[in-house]
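Trainee: Hey, could you walk me through this one? I'd like to see how the pieces sit together.

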Amino acid sequence: MRIFDRQVELSAHLKSVSSANTTIGFVPTMGALHQGHLSLLKESLQNNDFTVISIFVNPTQFNNPEDLAKYPRTLESDVAKIEKLNPNIIVFAPSVDDIYEGKTVSQHFDFDGLENQMEGKFRPGHFDGVGTIVKRLFEIVQPANAYFGEKDFQQLQIVKKMVEKAQMPVKVIGCPIFREANGLAMSSRNERLTAQERADAAVIYRTLQAAKMRFGTENAKRVADYVTDVFDNVPGFELEYFEIADEATLEPITEKIEGRQYRAFIAVFVNKIRLIDTISLN
Ligand code: AMP
């Protein structure tokens, strides 16, 4: 299996193996791989001649230094999982220096307001960091197709917006959320939960499903009050936000408009570990 830790070497390799008639599929990740990541890789493998995965814990998208320091880094077992799935997958696992060349800062982006909602509100600078790294990785890998999970739905919409505004020749493809048997959305951060917390965290998806049911007959404010009430009564869990928003603009719903697509978004702290999830309401 080919593993690269320097962008110049990866670029040279991709140039030597690909041509105008071949496609590169790309799956950017921060590692600590789980079935959700692997489902994106499978999608890429099915639809491209080459598949590249990047494993890079991007410092500029972390607003919380403790979250960055404690983010799981498990390159060896990640590589083993990738090799087992398909040894032809090309791995790019660069250092911070190789990517940022001594200047670990974000570029500033305008994503037409998508960046001001939810994660953007609660994680200042997060989407500038995401835009910076995704743009850089797209330049290095030059994929035809790039795969992102709907788990990070706001990120998916922002990457689509970046590609559209900068007219990058990349197709951004959203993939469904992979869940644990109890419904908890798979996440690298789940590794930091105790077994009990992981079991208890099923309440997050269970509540989203109940919210979806209620949204059929209740207004958004009442649904939000219900969700707040649920988390007020779960010890150790702290609701950061619950929002029902228009899927396209990510603006919070004011009134239900026929024909619009709505989605619920949630961020919850389980002790100090921050988990997010989302569900389509249509
Ligand atoms: P991360 O390593 O958390 O930055 O995630 C890398 C990519 O995998 C992102 O596009 C995520 O949205 C996606 N992803 C993370 N968790 C899941 C999941 N449970 N199901 C599907 N995709 C996921």
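Trainee: How are α7 and α8 set relative to each other, parallel, antiparallel, perpendicular or oblique?

Mentor: They're oblique to each other, because their axes cross at roughly 55 degrees and come within 11 Å. On this scale, angles under 35 degrees count as roughly parallel, over 145 as roughly antiparallel, 65 to 115 as roughly perpendicular, and the rest as oblique. Axes are lines fitted to C-alpha atoms, for helices over the stretch in contact, and angles run from 0 to 180 degrees between N-to-C directions.

Trainee: Is that crossing left-handed or right-handed?

Mentor: The crossing of α7 and α8 is right-handed. That's the label if the near helix is turned clockwise from the far one by less than a right angle; anticlockwise gives left-handed.

Trainee: Which residues make the contact?

Mentor: From α7, Phe127, Val130, Gly131, Val134, Lys135 and Phe138 take part. From α8 you have Gln154, Gln155, Ile158, Val159, Met162 and Val163. Contact here means heavy atoms within 4.5 Å. By class, the contact has eight nonpolar, three polar and one charged residues. Nonpolar covers Ala, Val, Leu, Ile, Met, Phe, Trp, Tyr, Cys and Pro, charged covers Asp, Glu, Lys and Arg, and the others, Gly among them, are polar.

Trainee: Before I go on, what am I looking at, and how is it numbered?

Mentor: It's a predicted model: local features need pLDDT of at least 70, side-chain atom pairs count only at pLDDT 80 or more, and totals for chains, interfaces and linings use all residues. Residues are numbered from 1 along each chain as its sequence is written, and side-chain values use heavy atoms, with hydrogens and water left out.

Trainee: Okay, sheets next. What's the strand order in the six-stranded one?

Mentor: That open sheet goes β1-β4-β3-β2-β5-β6, with parallel pairing. β1 (3-4) and β6 (171-175) are at the edges with a single partner strand each, so one side of each has no neighbour in the sheet. Strands (E, at least two residues) and helices (H or I, at least four) are DSSP runs, numbered from the N terminus. Two strands pair if DSSP finds at least two bridges between them.

Trainee: How many bridges join β5 to β6?

Mentor: Five, with the two strands running parallel. Asn145 stands opposite Lys171 in β6.

Trainee: Which strands does α1 touch?

Mentor: Helix α1 (residues 7-17) packs on the sheet and touches β1, β2, β3 and β4. Helix α2 (residues 35-47) packs on the sheet too, touching β2, β3, β5 and β6.

Trainee: And the three-stranded sheet, which strands are at its edges?

Mentor: The order is β7-β8-β9 with antiparallel pairing, and the edge strands are β7 (237-246) and β9 (273-280). β7 and β8 share nine bridges. Helix α11 lies across β7 and β8, at about 165 degrees to β7.

Trainee: How does α11 pack with α10?

Mentor: Their axes are 10 Å apart, at an angle of about 155 degrees, so the two are roughly antiparallel. Residues meeting there include Val203 and Phe215 in α10, and Tyr226 and Phe231 in α11.

Trainee: Last one: which domains does the protein have?

Mentor: The domain assignment gives domain 1 (3-175) and domain 2 (188-277); such bounds come from an automatic or database assignment. Their centres, taken over C-alpha atoms, are 26 Å apart.
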